[in-house]
Amino acid sequence: MSAATPVRPGASEPSARGAGRRRRLPRSGRYLLELVMAAAAVAFLFPVYALVSMAMKDPRQIAESPLAPPAPPTLANFGDAWSSASLGPALVNSTVITVASLLLLIVLGSTGAYYLARRARGLGYGLYVLFLLGIVLPFQLGMIPLYKLVDSLGWLGTYQGMVLFYTGIQLPFTVFLYTGFIRALPQDYAQAALIDGCDHRQAFTRVVFPLLRPITGTVIILNAVFIWNDFFTPLLYLGGSDKETVPVGIFSFVGQYVSDYGLVFAGLVLAALPVLLVFLLLQRYVIKGFAGGLKG
Amino acid sequence: MNSAPRTATSGAPRATPPGSASAKGPGGPGGGGRARWSPFRTDPAVPPWIFVVPALAVYAVVVLYPSVAGVVYAFTDWSGVGSFSFVGVDNFRTLLDDRRALESVGNTLLLTVAVVVVQNGIGLLLALGVHANIRSRALLRVIFFAPAVVSPVMVAFLWKYVYNPEGGAGLNGVLGALGLGGLRQDWLGDPSLALWSVAAMVIWQYAGYSMVIFLAGLQGVPAELHEAATIDGAGAWQRFRYVTWPLLAPALTINLMLSTIGGLKLFDQVYAATNGGPGTASETLSTVLYKEAFVYGKFGYSTAVALVLALFVAAVSLVQLRYLRAREVTA
């Protein structure tokens with residue numbers, strides 16, 4: 001068990017079968033702990049309270065009572081923020097880039113890993129190590145040559161430039177996750193399909209790939225959160241273009257309206273909302289993906 | 001590594017008895033039970049190499065080629081346009097005389113240490129609290145983890161307000177309301193505080209991430225061990241120290257690796273909250289190499305700084321993996 005050991009098929013099932021039952025605290029201790037944790041949560045949530053309450057105040061309320069809840073709350077900031085931050089286009093851009101990158105990562109990652117997992121000696125092993133190297137290399141090392149390359153392709157300010165970047169930069173991690181999972185998968189199914197006359201492509205798409213669903217879920221969650229929130233590279237590649245993603249759009253929006261807290265905070269709320277909603281809907285899977293993505 | 005599924009099934013359809021060759025070979029896990037290997041042997045059960053070509057091509061274009069080129073550029077005076085010449089180790093010599101770059105190395109290390117220690121400490125405490133049988137644990141888990149899925153830039157802007165220097169707003173306002181007005185600070189504007197203020201907001205965002213990894217570790221600690229220790233007369237602290245803590249080693253390894261590498265590479269939060277300021281007080285390696293390239297046009301020098309960062313990350317990963325894996329035990 002270590003950081004270098006990928007998830008195995010069983011690891012995505014609900015954990016703690018028998019093992020790790022919660023120990024019972026005596027009642028008084030439990031209430032005390034409940035109180036302490038609630039206090040921690042309240043302190044923890046203060047910035048969120050500030051965010052939401054400021055977003056619902058007009059400038060006069062912000063100046064006079066910055067900490068008090070909005071009285072009366074106004075929703076006017078949200079409409080203004082939506083249009084002045086161009087959040088609609090930014091959400092479209094983020095969605096296109098994230099979805100396209102995820103599709104490529106799933107296809108390239110799973111097929112590549114299938115080869116690497118089944119051809120675990122010689123060339124296959126060498127290539128696997130080469131891919132792992134990409135997890136350790138900080139992307140800053142290649143940042144400038146890559147920027148120049150994308151520039152020479154004329155792909156700055158385009159979707160395809162970003163999609164190429166994310167597919168390449170996240171492939172090592174994706175290949176790592178898939179390879180570990182496939183190695184622990186029985187080979188019998190694919191071999192039966194081959195004996196029955198499938199070629200390798202059919203055996204993979206019809207038999208192996210459906211078996212990869214749990215790890216594909218983890219791949220989607222971890223990569224989606226990274227790609228959606230990434231800032232540095234889209235700032236370089238897309239800044240000033242009409243393809244700005246949400247974090248880049250918010251960055252320029254805040255720079256422009258920095259003193260208008262109500263407007264800025266309404267923009268932040270709207271920009272964070274899609275991710276938070278998806279997280280709340282899928283929280284069990286998201287937390288499991290993050291907790292288990294690198295766990296052995 | 002758990003090899004049970006592999007050994008149970010892999011050799012079955014083959015003529016060679018499984019395991020006959022598995023002790024040989026370059027130590028590559030998986031696949032077991034092949035009689036011999038050569039780099040280009042085609043086994044009908046192994047998918048053809050075309051499967052790995054698309055992934056390899058994209059990886060080569062986006063990561064391998066630029067990284068190698070980055071190492072080369074680190075020894076040139078490239079300005080981003082036109083020709084360049086090799087200048088040997090001049091860029092690194094410049095770095096040793098560059099007060100801002102040196103300060104950024106120190107800041108990066110301080111920031112990383114602060115984030116690693118505090119984030120994991122808080123993450124562990126939260127995990128222990130949420131793991132106990134309190135009623136609100138599911139809700140608390142969601143609350144503490146939620147900031148980790150939000151863009152760091154947005155978190156930085158939110159905290160920029162929290163750190164508002166005005167007396168009545170944000171953190172200063174809360175301190176005032178609690179009667180602690182004397183503790184009010186210009187959190188991001190004071191050079192001696194800016195770096196720690198950035199660290200605090202990073203910790204706020206990712207303590208919940210550390211928590212869920214520790215939580216997964218805690219769920220793997222068998223209750224029987226705790227019961228046995230209790231019967232043997234161990235108190236709560238002793239049960240934690242001698243039962244839980246050793247079994248948390250894998251989770252600790254992952255957490256330390258993730259937070260160290262994340263800390264060393266930190267850019268978004270610093271760029272959005274302070275842009276390295278005031279002065280150079282919160283400059284990190286990432287912000288320096290960004291500015292050298294895209295503000296001052298010193299691309300060669302910037303890649304030299306990136307190479308230093310890469311060496312830090314690689315060194316830390318290797319050392320941590322080595323020392324931390326050694327103390328991992330299984331239940």
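This is a predicted model: local features need pLDDT of at least 70, side-chain atom pairs count only at pLDDT 80 or more; totals for chains, interfaces and linings use all residues.
Q: How many residues does the contact take from chain B and from chain A?
A: Chain B gives 105 residues and chain A gives 99 residues.

Q: Which helix has the largest share on the chain B side?
A: Helix α2 (residues 53–73) of chain B, with 13 residues. Helices here (H or I, at least four residues) and strands (E, at least two) are DSSP runs, numbered from the N terminus.

Q: And how do the residues on that side of chain B divide?
A: On the side that touches chain A, 71 are nonpolar, 27 polar and seven charged. Ala, Val, Leu, Ile, Met, Phe, Trp, Tyr, Cys and Pro count as nonpolar, Asp, Glu, Lys and Arg as charged, and the others, Gly among them, as polar.

Q: At what angle do α1 of chain A and α6 of chain B pack?
A: Helix α1 (residues 27–55) of chain A packs at about 90 degrees to helix α6 (residues 152–162) of chain B, and their axes are 10 Å apart. That makes α1(A) roughly perpendicular to α6(B) (the term covers 65 to 115 degrees; under 35 is roughly parallel, over 145 roughly antiparallel and the rest oblique). Axes are lines fitted to C-alpha atoms, for helices over the stretch in contact, and angles run from 0 to 180 degrees between N-to-C directions.

Q: Which residues make that contact?
A: Pro47(A), Ala50(A) and Leu51(A) of α1(A), with Leu158(B), Trp159(B), Tyr161(B) and Val162(B) of α6(B). The residues of this contact of α1(A) with α6(B) are seven nonpolar, no polar and no charged.

Q: Now chain A by itself. How many helices and strands?
A: Chain A has 14 helices and zero strands. Its C-alpha trace spans about 75 × 65 × 35 Å along its principal axes. Of the 296 residues in chain A, 51% are buried (20 or more other C-beta atoms within 10 Å of a residue's own; 12 or fewer is exposed, in between is partly exposed).

Q: At what angle do α3 and α13 of chain A cross?
A: Helix α3 (residues 76–84) of chain A and helix α13 (residues 261–281) of chain A cross at roughly 75 degrees, and their axes come within 8 Å. So α3(A) is roughly perpendicular to α13(A). The residues of this contact of α3(A) with α13(A) divide into six nonpolar, three polar and one charged.

Q: How many residues are in the largest nonpolar core?
A: It has 180 residues, and Ile250(A), Met154(B) and Leu309(B) are among those with the most contacts inside it. A nonpolar core is a set of buried Ala, Val, Leu, Ile, Met, Phe, Trp, Tyr and Cys residues joined through C-beta atoms within 7 Å. Helix α8 (residues 194–219) of chain B supplies the largest share of this core, 18 residues.

Q: What is Leu309(B) in contact with?
A: Leaving aside neighbours within four places in sequence, Leu309(B) contacts Pro138(A), Gln140(A), Leu264(B), Leu285(B) and Leu289(B).

Q: Last one: is Leu111(B) buried or exposed?
A: Leu111(B) counts as buried because it has 22 C-beta neighbours inside 10 Å. Leu111(B) lies in helix α4 (residues 99–131) of chain B.

Conventions. Residues are numbered from 1 along each chain as its sequence is written. Chains are lettered from A and ligands numbered from 1 in the order in which they are written. Two residues are in contact if their C-beta atoms, placed from the backbone, lie within 7 Å.
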